[in-house]
Amino acid sequence: MDRTLKLALISLLFNMVYSAYHIIAGITTYSWWFFTIGIYYAILSIVRFVVLRHKGKNLFVIRFTGIMLMVLSISLVGTVILAFVKDRGTEFHLIVMLAIAVYAFTKITLATIKWIKARKSQSVKLITLRNISFADAFVSIFSLQRSMLVSFEGMSEIEIRIMNVATGSAVCIIVFLLGLNLVQQNRLLKR
């Protein structure tokens with residue numbers, strides 16, 4: 001478990017840096033998308049920090065995280081609306097897009113590995129960190145998809161907007177279900 005917690009701390013550090021980058025980019029470029037995603041990652045970092053530092057009752061941690069993920073999923077709806085109405089995505093150079101893709105797919109791979117390890121575990125921290133990792137990874141995939149659609153030719157403006165709404169809505173639902181799963185786990189642990 002120590003190795004898992006060390007990986008979670010490293011992930012927390014990356015989340016904080018990623019959050020700061022997006023908030024600064026949002027402020028300097030006047031992009032609501034970057035700013036809201038930065039805030040999303042900042043809140044996710046706070047939730048991960050609370051899980052890693054909490055020493056009290058496990059029921060609090062799992063319920064707190066579940067509720068926060070559900071609230072974050074609702075706030076993601078705003079980013080989906082922004083993706084449709086105002087900001088279709090940021091165009092990046094091929095090398096930057098490859099770096100973003102590697103980062104996003106590394107996150108989803110690590111989240112899947114955590115899920116496999118925590119599948120039979122009764123550890124509340126592992127279960128909670130697994131769901132946080134998936135919430136983090138799916139939003140990264142959404143960000144990657146938004147940038148890829150405008151960086152590479154082949155889709156019209158309306159097709160890009162439809163894809164952004166479809167993927168963003170799916171991510172909102174998944175993050176909400178991850179939070180709901182934790183709230184339900186909380187009920188099972190009370191029995």
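Colleague: Which helix do W32 and F35 both lie in?

Modeller: Bear in mind that this is a predicted model, where local features need pLDDT of at least 70 and side-chain atom pairs count only at pLDDT 80 or more, while totals for chains, interfaces and linings use all residues. Numbering runs from 1 along each chain as its sequence is written, and side-chain values use heavy atoms, leaving out hydrogens and water. W32 and F35 are 3 residues apart, about one turn of the helix. Helices are DSSP runs numbered from the N terminus (H or I, at least four residues; strands are E, at least two), and the one holding W32 and F35 is helix α2.

Colleague: How many aromatic pairs are there?

Modeller: Rings of Phe, Tyr and Trp (its six-membered ring) pair if their centres lie within 6.5 Å; planes under 30 degrees apart are stacked, over 60 edge-to-face, the rest tilted. By that rule, the count is 7.

Colleague: What kind of pair do Y18 and Y41 make?

Modeller: Their ring centres are 4.9 Å apart and the planes stand at 80°, so the pair is edge-to-face. Y18 belongs to helix α1 (residues 2-29) and Y41 to helix α2 (residues 32-53), so parts 23 residues apart in sequence get tied together by a pair that is edge-to-face.

Colleague: Is Y41 buried or exposed?

Modeller: Buried means under 20% relative accessible area, exposed over 50%, and partly exposed in between (1.4 Å probe, protein chains only). Y41 has 0%, so Y41 is buried.

Colleague: And what kind of pair do W32 and F35 make?

Modeller: F35 is partly exposed, at 28% relative accessible area. With W32, its ring centre is 6.1 Å away and the planes are at 85°, so this pair is edge-to-face.

Colleague: Which helix comes within 10 Å of α2 and crosses at roughly 165°?

Modeller: Angles between N-to-C directions run from 0 to 180 degrees, using axes fitted to C-alpha atoms over the stretch in contact. Over 145 counts as roughly antiparallel (under 35 roughly parallel, 65 to 115 roughly perpendicular, the rest oblique), so α2 and its partner are roughly antiparallel. That partner, spanning residues 124-151, is helix α5.

Colleague: Which residues does S45 touch, leaving aside neighbours within four places in sequence?

Modeller: S45 sits in helix α2 and, at 5% relative accessibility, is buried. Counting heavy atoms within 4.5 Å as contact, its partners are L12, N15 and M16.
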